[in-house]
Amino acid sequence: MNPSPWLTAPQAAAALSVSISTLYRWRTQGLLVPGEDWMRKWPSGKSPVLYHSERVQRRIAALTARSADELEPVLG
């Protein structure tokens, strides 16, 4: 049986090397897409949140990606 890609907040935080509060902040700021990056375990507003760690990692990497010129401006 394949393990689920959906992780609890503590599991996802550990897998992504961030805090649980960082995951919460990313979610509440709209950086993570509901249904793709995170979901509720049950259909209730009080239900625990599950995160898809691979998708979250890709989403945050895409949001923080910078071109080589932005990282190392050419001095002239």
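Against which strands and helices do the buried residues of H3 pack? The model is predicted: local features need pLDDT of at least 70 and side-chain atom pairs pLDDT 80 or more, while totals for chains, interfaces and linings use all residues. Residues are numbered from 1 along each chain as its sequence is written, and side-chain values use heavy atoms, without hydrogens or water.

View 1. Helices (H or I, at least four residues) and strands (E, at least two) are DSSP runs, numbered from the N terminus. Ser53, Val56 and Ile60 are the buried residues of H3 (buried, under 20% relative accessible area; exposed, over 50%; partly exposed, in between; 1.4 Å probe, protein chains only). Seen down the helix axis, they fall within an arc of 60° (directions from the axis to the C-beta atoms), so they line one face of H3. Arg58 and Ala62, on the other side, are exposed.

**View 2. Packing of helix H3.** The buried residues of H3 pack against strands E1 (6-8) and E3 (49-52) and helices H1 (9-16) and H2 (20-28), contact meaning heavy atoms within 4.5 Å.

**View 3. Salt bridges of Arg59.** A salt bridge places a side-chain nitrogen of Lys or Arg within 4 Å of a carboxyl oxygen of Asp or Glu. Shared partners join Glu36, Asp37 and Arg59 into one network. Asp37 is buried at 0% relative accessible area, whereas Arg59 is partly exposed at 26%.
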